[in-house]
Amino acid sequence: MGWTLTTSPDDFRAAAGEFLAADPVANTVLLTILDRLTRDGLHAYGAQPPRFGWWQGPDGEVAGTCVRTPPWGQRLGPMPAAAAEELARTLAAGDAADRPDTVAGDHDTALAFAAEWHRATGVDWHLERSERLYRLGELTPPSVPPAGRSRIAGPADRETVARWLVDFCVEAEILPPADAAADAEQRIAAEVLLLWETEDGRAVSLAGASPAVAGMSRIGPVYTPPADRGHGYASALTAAATRHAQSRGAAEVLLYTDLANPVSNAIYPRLGYRPVTDAAEVAFK
């Protein structure tokens, strides 16, 4: 049956909603993107409209999905390698102005797309980032937390939050928000950001917990300024953000880590997070 591509979130939801909801952990990114577009409108990520797609196998059942929210690259959900390769050929045959400069998804899926993209377009690619998806087993907070407390970020924290969101993006080498102050304001209003505050009232770390979608929430970003690292603030705050997500209805709590960061990949298993799958982001040049 192949791919159906559309700019209509309603058509996408009608065709692929059941497929996405059947495995919210595997489809966490696409579900949260769709939820934000529903809440904040089709231009929540940028001026260009998002593009959605679903793939039907020979039996007519939906077995793969994708979404692109410019200026971000192509995001792939779980799908057979043949579906990823077919999507690459379909997009390569379309308008050159609409071609993505990155693709991300499960490791093998993203690489299958990238290899076919190279065959179809001649464009080279390289692995930009390798990540690991974790899901919470049983939360195990630090036995000796640092002095201080966690709290929900409020309007008075907007400047600090905006600066740290940009700093996080710069350090992670990802695209920062176009309007950091507005992004901070929106997240603060939604009560999805927590801060760790020392005993003297100084904020030293930030962690987010996305609203529960299809029963799952994703932790992130997690950021501590370099001068305040090494004191356990991020570990304690991640545990607090996890509890915050659970208190707001999340049956599953997930997070992604950069596999190039040994610190985070050591911290999260100690808190009770267990690996699910590896993901990759590929850049074209």
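**Exercise 1.** At what angle do the axes of helix α3 and helix α4 cross, and within what distance do they come? Characterise the contact of α3 with α4 by residue and by class.

*Solution.* The model under study is predicted.

Step 1. Two packed helices are described by the angle between their axes and the distance between the axes.

Step 2. For α3 (residues 81-92) and α4 (residues 107-121), the axes cross at roughly 35 degrees and come within 8 Å. The crossing of α3 past α4 is right-handed.

Step 3. On the α3 side, the contact involves Ala81, Ala84, Glu85, Leu87, Ala88, Arg89, Leu91 and Ala92. Their counterparts in α4 are Thr109, Ala112, Phe113, Glu116, Trp117, Arg119, Ala120 and Thr121.

Step 4. Sorted by class, the contact of α3 with α4 comprises ten nonpolar, two polar and four charged residues.

**Exercise 2.** Determine which residues of helix α8 are buried and how they are arranged about its axis. Then describe the surroundings and the ends of α8.

*Solution.*

Step 1. Taking under 20% relative accessible area as the cut-off for burial, the buried residues of α8 (residues 262-270) are Ser264, Asn265, Ile267 and Tyr268.

Step 2. Viewed down the axis of α8, these buried residues fall within an arc of 165 degrees, so they line one face of the helix.

Step 3. Pro262, Val263 and Arg270 are exposed on the face of α8 turned away from its buried side.

Step 4. The cover over the buried residues of α8 includes the strands β6 (125-136), β10 (216-223), β11 (252-258) and β12 (273-284), together with helix α7 (233-247).

Step 5. At the start of α8, a side-chain oxygen of Asn261 comes to within 3.0 Å of the backbone nitrogen of Val263. Just after α8, Gly272 adopts a positive phi of about 110 degrees.

Terms used. Residues are numbered from 1 along each chain as its sequence is written. This is a predicted model: local features need pLDDT of at least 70, side-chain atom pairs count only at pLDDT 80 or more; totals for chains, interfaces and linings use all residues. Side-chain values use heavy atoms; hydrogens and water are left out. Axes are lines fitted to C-alpha atoms, for helices over the stretch in contact, and angles run from 0 to 180 degrees between N-to-C directions. Helices (H or I, at least four residues) and strands (E, at least two) are DSSP runs, numbered from the N terminus. A crossing is left-handed if the near helix is turned anticlockwise from the far one by less than a right angle, and right-handed if clockwise. Contact means heavy atoms within 4.5 Å. Ala, Val, Leu, Ile, Met, Phe, Trp, Tyr, Cys and Pro count as nonpolar, Asp, Glu, Lys and Arg as charged, and the others, Gly among them, as polar. Buried means under 20% relative accessible area, exposed over 50%, partly exposed in between (1.4 Å probe, protein chains only). The arc is that of the directions from the helix axis to the C-beta atoms. A polar contact is a pair of N or O atoms within 3.5 Å; within protein, one must be able to donate a hydrogen and the other to accept it, and residues adjacent in sequence count only if both atoms are side-chain atoms.
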